[in-house]
Amino acid sequence: MTGLILQNVEKYYGSACAVTDVNLHLPAGKLVCFLGPSGCGKTTLLRMIAGLESLSSGEILLDGEDVSHTPAHERNFGMVFQSLALFPHMTVGENIAYPLKLRGVRKAGQQARVVELLEMIQLQQMLDRPVAKLSGGQRQRVAIARAIAAHPKLLLLDEPLSALDAKLRESMQVEIRQLQQRLNITTILVTHDQREAMTMADIVVVLGEHRVQQVGTPIEIYRNPANEFVADFIGSGNIFAAVALGNGQVGLPGGGTLEVPGSAPLVAGAAIKMLVRPEDVQLSPHQAPEGNRLAGTVTFIRDIGATIETTVECGGVSLTSLTTPSQAFGLGVGHPVSITLPAEACRVLGA
Ligand code: ATP
């Protein structure tokens, strides 16, 4: 099978678990993000794939071949670290040529490849410039060019953009994604920035508490989070306690019911957690409750540019709504309001 497969991979440092029970199939040519909070094991997992860290148990297969014990320098994987790890005393050209030199590529071959890569990263004029005299974004591009110089089978990026300011970071995200798609190179990007993962990845692997919590496309993970951890970590969400009534309805803590088709299989009385995304919470002038329309009171309003964030207390739950200014129709704190939670937008979260 092509692509990268991780089977029952785990890593312990002494008795402390860094990451456990990892089973993944990452298809060839895709950009995969390892996303999760600090300390969940993202870097450890990437370093095991790179061969820089041994496995406590499990196997790593690339295109069907077991590489679990192959030394890092024999894997031919390109890697970019947060620190970039460029050689400061070398020129741009020397940095990019370095992995080719290590592999014994002849001088003429090195030069041709460096020219090709400089064109790709649009730094043709910088061949002889010391890397110390480049801007942050230029250094970033050189690090990526060096990582792909020897035509690696896999490109591994460990938070490579975290030192850049927000604007440069965003343009580098687009550049990396375009380059990855043009070269069709299987790439793993480690990040704790959910926006970066959601906008760049074909597949997101959400890690938390030292294990994989969910694997899916960005939209799958956003719309159908597997559990409360993922729902909370990805995007903003209204997460609240409710009780299954056993008939496709749920009861709210302060009274009131909602139609929630996903709750139908649950036994009556089961305590559950619900998710509704703020952009799905609809506001309307105060009316009697009916169906999934509940009566509430506005407790907070915030203007965040093109959208208005309105918090409404209803049914013993505090719900946030994101709307356009006109959909918030001049509401103010203390105003009575009705909110509608469409049945298809109400999700029951797994444990
Ligand atoms: P961050 O986003 O902060 O880099 P991470 O998700 O990449 O975090 P890892 O660096 O993989 O997390 O660390 C996972 C766990 O393993 C952490 O609890 C960390 O303290 C532990 N750990 C990592 N490297 C070592 C080591 N060499 N020795 C002991 N424990 C380690």
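Residue N238 lies in strand β11, which spans residues 238–244. The model described here is a predicted one. N238 is buried, because its relative accessible area is 4% and the cut-off for burial is under 20%. Leaving out residues up to four places away in sequence, N238 touches M274, L275, V276, R277, P278, V281, S318, L319 and T320. With T320 there is also a polar contact: the backbone nitrogen of T320 lies 2.7 Å from a polar atom of the N238 side chain.

**The sheet that holds β11**

Strand β11 belongs to an open sheet of 5 strands, in the order β13-β12-β11-β14-β20, with antiparallel pairing. At the edges are β13 (257–259) and β20 (347–349), and each of these pairs on one side only. From one strand to the next, the twist averages 45°. Strand β12 covers residues 249–251 and is joined to β13 by 3 bridges, the two running antiparallel. In one of the pairs, G251 has T257 of β13 as its bridge partner. In a regular strand, side chains alternate between the two faces of the sheet.

**The six-stranded sheet**

Another open sheet has 6 strands in the order β6-β7-β8-β3-β9-β10, and its pairing is mixed. Which strands stand at the edges? They are β6 (77–80) and β10 (211–216); each has a single partner strand, so one side of each is left without a neighbour in the sheet. Neighbouring strands here are turned by 15° against each other on average, with direction ignored. Within the sheet, β3 (residues 31–35) and β8 (residues 187–191) run parallel and are joined by 5 bridges. V32 stands opposite I188 of β8. Helix α4 packs on this sheet, where it touches β6 and β7 (154–158), and the direction of α4 makes about 165° with that of β6.

**The hairpin of β1 and β2**

Strands β1 (residues 4–13) and β2 (residues 16–26) pair in the antiparallel sense over 7 bridges. K11 stands opposite V19 in β2. The hairpin has 2 residues between the strands, and G14 takes a positive phi near 65°.

**The ligand and helix α1**

The residues around the ligand are Y13, A18, P37, S38, G39, C40, G41, K42, T43, T44, E159 and H210. Helix α1 (residues 42–50) gives the largest share of this shell, with 3 residues.

| Residue | Protein atom | Distance to a ligand oxygen atom |
|---|---|---|
| C40 | backbone N or O atom | 3.1 Å |
| K42 | side-chain N or O atom | 2.9 Å |
| T43 | polar side-chain atom | 2.8 Å |

On its own the ligand has 640 Å² of accessible area, and the protein covers 57% of that.

An α-helix has 3.6 residues a turn, so residues three or four places apart point the same way. Just after α1 comes G51, with a positive phi of about 90°.

Helix α2 covers residues 92–102, and its buried residues include V92, G93, N95, I96, A97, P99 and L100. Among the elements that cover them are α3 (107–120) and α4 (136–148). After α2 comes G104, whose phi is positive, near 75°.

Helix α5 (residues 166–183) contains R169. Is R169 buried or exposed? R169 counts as buried because its relative accessibility is 15%, and the cut-off is under 20%. Apart from neighbours within four places in sequence, R169 is in contact with L161, S162, L164, T191, D193 and E196. One of these, T191, lies in the stretch 187–191 that forms strand β8.

Terms used: Residues are numbered from 1 along each chain as its sequence is written. This is a predicted model: local features need pLDDT of at least 70, side-chain atom pairs count only at pLDDT 80 or more; totals for chains, interfaces and linings use all residues. Side-chain values use heavy atoms; hydrogens and water are left out. Two strands pair if DSSP finds at least two bridges between them. Helices (H or I, at least four residues) and strands (E, at least two) are DSSP runs, numbered from the N terminus. Axes are lines fitted to C-alpha atoms, for helices over the stretch in contact, and angles run from 0 to 180 degrees between N-to-C directions. Buried means under 20% relative accessible area, exposed over 50%, partly exposed in between (1.4 Å probe, protein chains only). A polar contact is a pair of N or O atoms within 3.5 Å; within protein, one must be able to donate a hydrogen and the other to accept it, and residues adjacent in sequence count only if both atoms are side-chain atoms. Contact means heavy atoms within 4.5 Å. A residue is near a molecule or strand if one of its heavy atoms lies within 4 Å of it. Accessible areas come from the Shrake-Rupley method with a 1.4 Å probe; for residues, only the protein chains shown count as cover.
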